[in-house]
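Student: Hi! Could you walk me through how some helices pack in this one?
Tutor: Happy to, let's have a look together.
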Amino acid sequence: MDDPLMNFNPLVPMSDGLFNLQTVPWAEVIAGIARNNPTSNIVGYLYSIGQTNTTVGFIPFKLQDIIRPSQLYAKVFGESVWIQNRKKVEALYGTAIGLRAACQAGCIGIPAMEPKGLRAFFPTEKGMKKISYKGDEEQEITFNTYLIWILAMLNNEKLWDMSREFAEMLLKYEAGAGKGRKDRTNNVNQLLESVSTKQFLLNLIPIVKDEEERTGYENMGKMVNMMPKDNFPYFNTLIRFQYALLNK
């Protein structure tokens, strides 16, 4: 293209005769670069211009990682859905901590693209935010973005099917309770509120004792036990979202 700035006018007239320079969110900029250079990595020089000019310095951008959530979104939900929702999804990326805080990690990759609001759903000793699914389009896009970002962080596509299948098992377990359903629901809630691998395995025991077919639970227990400890909060949150979406 001879003129890359064709049809681009960031200056917006203001009432006092001045002009306002419209900026583009950094995550949207870097996502656009990653779409056009999906197999490359770059080093960017960051400089903040304002009332107080600030130099951040040279920061590596892992474009292959940054584009990963977008690729997973298209793969899991379909290319047409991704094209339809791309702008809304990309508007959620990088909103949790901001660029300057993300730079403290030394590079910009998948963690820097964390969407705002997701962290509140992670189980902690102090509790967590309940996943309440209303089913409207905006919430669906937000929740799907959360799911895909977690999957990208886990870096294992097989965990998508495993988390969904396990959520289905838990729902089936609850449905088979009859008059004792409340007890089973409590068992499931305790399991999903686990904050560590050890706690998850301990909370899995009452469920396994109630079931005759235990293979799926045993496989899940083995997988969680072998999983890196840092991955557990992400995976358990992935299960919680799958459970909530299937139980909507």
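Tutor: One term before we start: axes are lines fitted to C-alpha atoms, for helices over the stretch in contact, and angles run from 0 to 180 degrees between N-to-C directions. Also, keep in mind that this is a predicted model.

Student: Got it. At what angle do α4 and α6 pack?
Tutor: Helix α4 (residues 79–92) meets helix α6 (residues 137–154) at about 65 degrees, and their axes are 10 Å apart.

Student: Is that crossing left-handed or right-handed?
Tutor: The α4 and α6 crossing is right-handed.

Student: And which residues make the contact?
Tutor: From α4 you have Gln 84, Asn 85, Lys 88, Val 89 and Leu 92, while α6 brings Glu 137, Glu 138, Ile 141, Thr 142 and Thr 145. By class, this α4 contact with α6 has three nonpolar, four polar and three charged residues.

Student: Switching to α3, which of its residues are buried?
Tutor: In α3 (residues 68–77), they are Pro 69, Ser 70, Leu 72, Tyr 73 and Ala 74.

Student: What do those buried residues pack against?
Tutor: Their partners are α2 (63–66), α4 and α6.

Student: So how do α3 and α6 sit relative to each other?
Tutor: The angle is about 115 degrees with the axes 9 Å apart, and the crossing of α3 and α6 is right-handed. Among the contact residues are Leu 72, Tyr 73 and Phe 77 of α3 and Ile 141, Thr 145 and Ile 148 of α6. The contact of α3 with α6 divides into nine nonpolar, two polar and one charged residue.

Student: Last one: what follows α3?
Tutor: Gly 78 does, with a positive phi near 105 degrees.

Key. Residues are numbered from 1 along each chain as its sequence is written. This is a predicted model: local features need pLDDT of at least 70, side-chain atom pairs count only at pLDDT 80 or more; totals for chains, interfaces and linings use all residues. Side-chain values use heavy atoms; hydrogens and water are left out. Helices (H or I, at least four residues) and strands (E, at least two) are DSSP runs, numbered from the N terminus. A crossing is left-handed if the near helix is turned anticlockwise from the far one by less than a right angle, and right-handed if clockwise. Contact means heavy atoms within 4.5 Å. Ala, Val, Leu, Ile, Met, Phe, Trp, Tyr, Cys and Pro count as nonpolar, Asp, Glu, Lys and Arg as charged, and the others, Gly among them, as polar. Buried means under 20% relative accessible area, exposed over 50%, partly exposed in between (1.4 Å probe, protein chains only).
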